Amino acid sequence: ALVEGASAALAVHGAAGDAVDVLSVNEAWAMPVLAKRVAQDGRHAVIVALGCVVRGETRHYEHVADECARGLMRVALDSGVPVLNGVLAVEDEADAWARAGGARGNKGADVALSAIEMAALLKEFSA
């Protein structure tokens, strides 16, 4: 639902389908590594990271969510390619659905709109 929200927001604002690469990993811990590789290829103006970490019965949830966010920020700062963090850290599945198109909106769409704004701002600075 996050990817669908982001894709719809990008399309509504004029992003061509072939201008968007959708890649996936099976856990949040791997996202910074993939984001780093994407940033290094020089073809992307921004990176939108979307996912969800749901609280479990142990502290592992906090570790994964915090380190994913820290890794994504490090990629952005080290590469100069903005990495927008749409990785939800939620209490339960209901909270995840509420933030992925439910009562609390779609965080994927919100982050995609921020990506559009960031790409436009950076384009102004390079002109």
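Colleague: In which hand do α2 and α3 cross?
Modeller: In this predicted model, α2 spans residues 31-40 and α3 spans residues 60-79. The hand of the crossing of α2 and α3 is right-handed.

Colleague: Are α2 and α3 roughly parallel or roughly antiparallel?
Modeller: The axes of α2 and α3 lie 8 Å apart, and the helices pack at an angle of about 15°. Angles under 35 degrees count as roughly parallel. The angle therefore makes the relation of α2 to α3 roughly parallel.

Colleague: How many charged residues does the contact of α2 with α3 have?
Modeller: From α2, the contact is made by M31, P32, A35, K36 and A39, and from α3 by C68, G71, L72, V75 and S79. By class, 7 of these residues are nonpolar and 2 are polar. The number of charged residues is 1.

Colleague: Which residue is the bridge partner of V54 in β2?
Modeller: Strand β1 (residues 47-54) pairs with strand β2 (residues 83-90) in the parallel sense, over 8 bridges. Together with α3, β1 and β2 make a right-handed β-α-β unit. In β2, the bridge partner of V54 is V90.

Terms used: Residues numbered from 1 in each chain as written. Predicted model: local features only at pLDDT ≥ 70, side-chain atom pairs only at ≥ 80, totals over all residues. Heavy atoms only, no water. Axes fitted to C-alpha atoms, helices over the stretch in contact; angles between N-to-C directions. Helix = DSSP H or I, 4+ residues; strand = E, 2+ residues; numbered from the N terminus. Parallel < 35°, antiparallel > 145°, perpendicular 65-115°, else oblique. Left-handed = near helix turned anticlockwise from the far one by under 90°. Contact = heavy atoms within 4.5 Å. Nonpolar A, V, L, I, M, F, W, Y, C, P; charged D, E, K, R; others polar. Pairing = 2+ DSSP bridges. Right-handed = clockwise from strand over helix to strand, strands pointing away.
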